[in-house]
Amino acid sequence: MEKRYVKDRLRRSMMFVPGNNPGMIADARIYGADSIMFDLEDSVALTEKDAARFLVHNALKTLHFGKKEIVVRINDLSGGLGVRDLEAIVPAGVHVVRLPKTDSAQDVIDCEREIARIEEKHGIPVGATGMMAAIESANGVLNAKEIAHASGRLIGIALGAEDYVTDLKTTRSDGIELLFARSMILNAARSAGIAALDTVYSDVNNEEGFLAEVELIRKLGFDGKSVINPRQIQPLHRAFIPKEKDLQKAYAVMDAIAEANARGSGVASLNGKMIDRPVVLRAQRLIALAEADKMTEEA
Amino acid sequence: MKLKHTAMAGTLESSDIMVTIEPKDTGGIALDLTSSVMQQFGRQIEAVIRDTLSGLGVENAAVIAVDKGALDCTVRARVSAAALRAAGQEEFNWEVRR
């Protein structure tokens, strides 16, 4: 079956684009984000949900976004808006549906059932559309592992911090308030073999604060984060590009492995130190990241 | 599609088009189009508006469209949204991408 989405790909930046703004939709691809996320939820007024649905449906069907991943954030399924969103965007060819306010595995299962019903109705192979789940509550964070394992369609789980900190009875500050949620989401994502995506940094004029947050989530192990302003994309990508000296070391590791294999030896060493499996995995990942970045630049 | 009342969709922002549709009993589609790119794309925009209305089964209506450089897909989206609002209809028969 041909899937519309790629499970494992570069997702350093997911740029939110308001779903009822035709100018921003038309320009979305020029800013270099790895994923473009058209939003039918919070950025669209309740009275404009119908108009945004038409706009995003038609844009998905007719505009060309190159090799970018196209995500649509739908409304939650509880009030009926979310199902209407799915009716419009699944036939239009969306790659990944982002479900907001995911509190439990059941939320993912319910959304998947609706997507499958719509795929079947339109003769689209069932399973072609990908999903991601945004976790935005204490309940969701505590259920992160079950959520991450709830569907084979999931490409990742994301933190939605604004609702989450409100639920915790706190506000956003230096990041200490998100430490538990980020750690839970990251570990849940890794246990399911999917991407971990961080929340938006909403103070677009504070580049220093943004970069500090990017450095923190990169060190934790996140794949990337959502952005709300195109200005945040390039600094974010730069932070994720492997350092030249780390890259050289990674190539040296891979060369040593290749040499050991050619000798028929199962044990490789570099500068007198044995290379064990985690070192190889990290080297492979670093090289893959550098190559993916190069390919994006060329595209 | 049976139109019941006057309805509007879209904005006057750049790259958008504001479409107002008023139900009529006879006379076909009376279109009043103004556009910031009238010289270059006026005919194309008019064709897209008429084609979209025809696809929706709207035969008689007075349509006022104020275009600010919208792409064809935006014109279709705004005309469709205005027509459905005018018909008081929420369900739509979405078509699959081919």
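A residue is called buried under 20% relative accessible area, exposed over 50%, and partly exposed in between. D110(A), at 23% relative accessibility, is therefore partly exposed. The model described here is predicted.

The side chain of D110(A) forms a salt bridge with that of R113(A), at 3.2 Å from N to O. The two residues are three apart in helix α4 of chain A, so about one helical turn separates D110(A) from R113(A).

A second salt bridge involves E112(A), whose side chain meets that of R153(A) at 3.0 Å, N to O. E112(A) belongs to helix α4 of chain A, whereas R153(A) sits in the loop between α6 (144–148) and β6 (154–159), so this pair ties together parts 41 residues apart in sequence.

## Other salt bridges

Over all chains, the count of salt bridges comes to 31. One of them joins the side chains of D163(A) and K101(A), with an N to O distance of 4.0 Å. This pair links distant parts of the chain, 62 residues apart: D163(A) is in helix α7 (residues 161–167) of chain A, and K101(A) is in the loop between β4 (96–99) and α4 (105–121) of chain A. D163(A) is partly exposed, with a relative accessible area of 34%. K101(A) also counts as partly exposed, at 30% relative accessibility.

Salt bridges also link E162(A), R172(A), R182(A), D198(A), E213(A) and K225(A) in a network.

D39(A) is placed in strand β2 (residues 35–39) of chain A. With 2% relative accessibility, D39(A) counts as buried. The side chain of D39(A) makes a polar contact of 2.8 Å with the side chain of S43(A).

When neighbours within four places in sequence are left aside, the residues in contact with D39(A) are F16(A), V17(A), P18(A), G19(A), V44(A) and R73(A).

## Interface of chain B and chain A

The size of an interface is often given as the accessible area lost when the parts come together. Between chain B and chain A, the buried area is about 2000 Å², and carbon and sulfur atoms give 58% of it. R85(B), W94(B) and R97(B) supply 37% of the area that chain B buries against chain A, more than any other three residues. In the contact, 21 residues come from chain B and 27 residues from chain A.

Four salt bridges are counted between chain B and chain A. In a salt bridge of 2.7 Å, N to O, the side chain of R85(B) meets that of D50(A).

## Nonpolar surface patch

I176(A), L179(A), L216(A) and L220(A) make a nonpolar surface patch of about 330 Å². Among these residues, L179(A) lies in helix α8 (residues 179–192) of chain A. L179(A) has 40% relative accessibility and counts as partly exposed.

Note on methods:
Residues are numbered from 1 along each chain as its sequence is written. Chains are lettered from A and ligands numbered from 1 in the order in which they are written. This is a predicted model: local features need pLDDT of at least 70, side-chain atom pairs count only at pLDDT 80 or more; totals for chains, interfaces and linings use all residues. Side-chain values use heavy atoms; hydrogens and water are left out. Patches are made of residues with over 30% relative accessible area and no salt bridge: like charges are joined within 9 Å, nonpolar side chains (Val, Leu, Ile, Met, Phe, Trp, Tyr) within 5 Å. Accessible areas come from the Shrake-Rupley method with a 1.4 Å probe; for residues, only the protein chains shown count as cover. Helices (H or I, at least four residues) and strands (E, at least two) are DSSP runs, numbered from the N terminus. Buried means under 20% relative accessible area, exposed over 50%, partly exposed in between (1.4 Å probe, protein chains only). Contact means heavy atoms within 4.5 Å. Buried area is the accessible area (1.4 Å probe) that two parts lose on being put together, summed over both. A polar contact is a pair of N or O atoms within 3.5 Å; within protein, one must be able to donate a hydrogen and the other to accept it, and residues adjacent in sequence count only if both atoms are side-chain atoms.
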